[in-house]
Each structure stands twice: as C-alpha cells, then as structure tokens.
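Please work through each task before reading its solution.

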Amino acid sequence: MKGLVGYAGYLPRYRLAGTDIGVRRGDRVVAAFDEDSTTMAVAAAAKLRKAHTANALYFASSTPAYADKTNATAMHAALGLPLDALAVDLCGSGRSGFAAILAAASTGGIAASADIRVGRPGSADEKLGGDGAAALLFGDDEAVIAEVLAVASLTAEFLDRWRATTSVTGEQWEERFGAERYAELIRGCVERVLDTAGLAGVDHVALSCPNSGVIKRATTLVKGDKSVVTSPIGFSGACDAALALCSVLDTAEAGETVLVLSAVDGCDAMLLRTTGALVAARQPHPVSVQRANGLPVSYLTYLSWRGLVELEPPRRPEPDRPSGPAADRSASWKYGLCGSRCDACGFIHLPPVRVCKHCGATDQMSGVPVAGLRGVVATYTVDHLAYSPSPPVVQAVIDVAGGGRFTCEVADAEPDRIGVGSPVEFSFRRLFTAGGVHNYFWKARLDGRSHGE
C-alpha cells in the first residue's frame with residue numbers, strides 16, 4: 001500500500017450552545033447555512049500540500065449534496081486536479097469513510113470525507129453528533145509521514161442505526177444492543193491486525209463508532225499505550241475515523257504506531273507507523289485548536305438551516321435556478337477560482353477575460369489560481385435586505401495578494417469585526433440552492449478565523 005503523505009481536518013466555525021440541546025458541558029460543532037459535505041471536504045483537502053497533483057479523489061459522505069450526480073467532480077474542479085484524475089463518491093454510512101481510506105491507500109490519491117449530522121430536536125444524534133471533514137493524501141513520490149503496516153476487516157449485519165433515503169434524520173436502537181455486537185467485532189479485528197503486523201500492542205488508537213456505548217467504553221475495549229482517541233466533535237459520520245486520526249497525528253511522535261478502528265456495520269482496522277517526516281508535515285491548525293473556539297448560533301436559526309423549522313423567508317424574490325451551460329462556460333472561475341494574467345503586460349483579471357483591459361491584447365492569457373492566496377478588504381457593504389437564510393449579507397471588494405481585485409460575499413460574516421484592510425482567505429461555499437441545483441462559488445473569510453485564532 002501507499003504511504004500517508006499528508007492529512008488535514010476541517011471544523012466549521014459555528015457552535016450550538018450545550019444548554020440549547022440538553023448537554024451539560026461544551027457545545028456542538030455545526031456547519032453554516034452555506035456549507036455542505038462537498039464544501040467542507042474541499043476545505044479539508046485544500047490544506048493538503050500538493051493536493052492539486054493527486055491522481056485520484058475518493059469522497060465519502062452519508063449526507064451528499066447530490067444524489068444521481070457525482071459530488072466529487074465539484075471537488076475535483078475546486079481543487080484543480082488533473083483532467084485524468086479519477087473522482088468518485090462512496091456514500092451511505094460511516095463505513096464509506098474507511099472505504100475511501102482503503103481505496104486511496106491502495107492506488108494513491110486523496111481520501112476526503114465530510115458529513116452534516118442532523119438529529120431530531122432533543123435526540124441523541126443532536127446531542128452527540130458533530131459536523132466536519134477530513135482529508136488524507138496517500139502516495140509514494142514524497143516524504144511519507146506514516147507507513148501502512150496492516151489492514152483487517154470484519155463484517156456483520158445487525159440493525160443498530162439506520163436512516164431512510166427519504167428522511168433527514170436517523171434512527172437507532174437502545175445503545176446496549178449494538179454495543180455488545182461492536183465490542184466483539186472490535187476485539188476480533190484488533191487481534192487480526194496485530195497478528196498480521198506481528199505486534200503485541202500499539203501506541204495510539206483512533207476509534208470511531210456511532211454507538212455511544214462503545215465510545216464510553218473505548219479505553220476498556222482497546223488499549224493504546226499512549227492514547228485512545230475518539231472524534232473531538234462527537235460522531236461525525238463518514239469523516240469520524242479520519243478526524244480521530246488527524247487528532248492523533250497532531251501530537252504523535254516519530255516511530256509510533258497508530259491503530260485506526262472504524263466500527264460501523266462491522267469493524268475495519270488500519271495500522272500505521274509514523275516516520276520522522278511527520279513533525280514537519282503537521283497540519284498548521286490542529287483539530288484541537290479549531291475545536292476550541294467558534295461563533296455562537298441560536299437554536300432556532302440552526303433548526304432553520306437544517307430545514308427542521310420554517311422561518312418567514314426574506315421578503316425578496318428567490319434566486320433563479322443556476323444554468324448548467326453558463327456554469328460550464330465559467331467553470332475554471334466558478335469552481336477553481338482561477339483568473340487570467342495578460343502575457344503581454346502582466347495585468348491580472350478576476351474573473352478571467354480574453355481581451356486585456358489594460359493593453360488590449362487578445363487571447364494572450366495565462367491562468368492564475370487564486371483560491372490558495374490571501375487578500376485584503378478594499379471596501380465592503382452590509383446588506384440587511386438581500387435574500388439570505390442568515391442575514392445580513394456582507395459583500396466585499398477584495399484586493400488579492402500578487403494582483404487582481406474582485407467582489408464576493410464574506411462567509412461566516414461578523415459585520416462588527418470586518419473593516420477596510422481586514423486580511424481574508426477564500427472558502428468554497430454554496431451561494432444558494434434553487435430548483436434543486438446548488439450554486440457553488442468562493443467566498444472571502446476573515447483570515448484564520450475558522451481556526452480559533
């Protein structure tokens with residue numbers, strides 16, 4: 001198998017107070033109204049070094065933005081992957097996330113996973129779930145941060161949790177039933193993977209399971225000499241195991257063993273050993289730092305974002321459904337945020353054009369990727385009347401580092417915090433959904449604000 005060469009986790013900024021959902025301590029991580037599993041997976045994968053060179057993208061989610069359309073293709077476009085790079089979905093359950101990891105480890109490429117976990121008001125899913133994303137890059141053409149030592153899988157059919165394809169929220173039996181079945185599977189899978197690797201124990205365990213009874217007993221079910229880690233945001237669906245692994249890699253040292261266990265409809269295991277390259281390749285914003293701080297969102301607003309209550313809509317016409325041909329014509333800008341630079345005079349155009357506005361040269365342009373750059377706010381406006389599920393809408397003119405200027409919306413906006421000169425980065429988001437079509441584009445975001453800084 002290929003080695004792990006990069007990792008990144010992404011936690012959205014918003015937090016639902018524990019007092020609103022019956023949780024004694026802490027809060028719940030929730031995605032914004034303009035985020036979905038596709039945009040969050042892009043946010044995670046974009047942090048990977050050399051992500052744009054990946055030969056394949058395997059995207060896993062139990063809450064895909066589209067059915068009967070490949071969601072990974074929008075990610076492929078947003079990340080600027082090569083035309084011949086495979087991009088496929090693996091959707092259905094938390095086990096799909098581990099399937100993506102196995103696929104990427106086998107062929108090389110990115111295993112990206114993301115989920116928005118929705119539970120009925122007052123339910124265990126609402127209290128114990130969390131929204132997030134993770135991305136793992138496998139390959140053998142650069143410094144490997146962890147080697148794959150062994151894998152093992154056990155499969156069993158039993159009804160612990162489920163969700164109908166027509167339902168937004170899921171169901172589950174009382175936790176003790178599934179906990180007993182999972183305990184047996186976890187012990188058996190651990191024994192198999194350790195026997196294959198010829199080891200008696202491991203330093204770290206990253207454990208994922210939708211059954212809260214298993215999570216409560218984690219340290220008694222499996223032993224890690226240094227740590228047993230579960231997802232820092234509660235069960236996060238398809239990205240749960242990968243997020244737990246990201247948390248371990250944020251602190252693990254060179255030469256340590258990490259056992260990833262995903263107990264969902266069976267049990268899957270991957271045993272890794274870290275290398276000396278890990279410390280220099282850690283993600284710049286650890287999962288714990290992203291988890292620490294966030295923006296509060298009211299419970300009623302959160303419920304409206306998830307479609308569980310219907311608030312009075314803005315008294316403005318709803319947007320029209322986006323046009324497929326129009327989106328195709330501007331795909332490099334719309335999805336990849338790629339402008340153009342005039343080869344004759346060097347003037348940068350955002351969005352791209354064929355005729356230079358500065359010198360008039362025609363069809364003498366080179367692409368300029370902007371998504372990974374930074375910028376500053378040149379001017380902005382706060383609009384309380386524009387159509388939005390979460391007003392007000394903040395629009396800003398952004399001066400991009402290296403040249404170029406364009407207007408875009410500000411994500412996770414805090415009107416009282418933004419000002420002329422505020423540094424920003426760019427985030428792939430959903431502008432709106434109309435007629436069942438998601439209108440994706442990039443928004444500006446106050447630089448570093450999603451990382452608890």
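Buried means under 20% relative accessible area, exposed over 50%, and partly exposed in between (1.4 Å probe, protein chains only). Helices (H or I, at least four residues) and strands (E, at least two) are DSSP runs, numbered from the N terminus. The model is predicted: local features need pLDDT of at least 70, side-chain atom pairs count only at pLDDT 80 or more, and totals for chains, interfaces and linings use all residues. Residues are numbered from 1 along each chain as its sequence is written, and side-chain values use heavy atoms, with hydrogens and water left out.

**Exercise 1.** Determine which residues of helix 9 are buried.

Solution. Helix 9 spans residues 240-249. Its buried residues are Asp240, Ala241, Ala242, Leu243, Ala244, Leu245, Cys246, Ser247, Val248 and Leu249. Because 10 of the 10 residues are buried, helix 9 is largely enclosed by the rest of the structure.

**Exercise 2.** Describe the contact between domain 1 and domain 2.

Solution. Begin with the bounds, which come from an automatic or database domain assignment: domain 1 covers 3-306 and domain 2 covers 324-446. Their C-alpha centres lie 30 Å apart. To the contact (heavy atoms within 4.5 Å), domain 1 gives 18 residues and domain 2 gives 19 residues.

Next, take the buried area, the accessible area (1.4 Å probe) that two parts lose on being put together, summed over both. The two domains bury about 1700 Å² between them, with 54% of it on carbon and sulfur atoms. In domain 1, Phe33, Asp34 and Tyr66 lose the most area to domain 2, together 34% of what that side buries.

Finally, count the salt bridges, each a side-chain nitrogen of Lys or Arg within 4 Å of a carboxyl oxygen of Asp or Glu. There are 5 salt bridges between domain 1 and domain 2. Lys443 and Asp34 are joined by a salt bridge between their side chains (2.6 Å, N to O).

**Exercise 3.** Is Asp412 buried or exposed, and which residues does Asp412 touch?

Solution. First, locate Asp412: the loop between strand 21 (405-409) and strand 22 (423-434) holds this residue. Asp412 counts as buried because its relative accessibility is 7%. Leaving aside residues up to four places away in sequence, Asp412 touches Arg13, Tyr14, Ala32, Leu295, Arg429 and Arg445.
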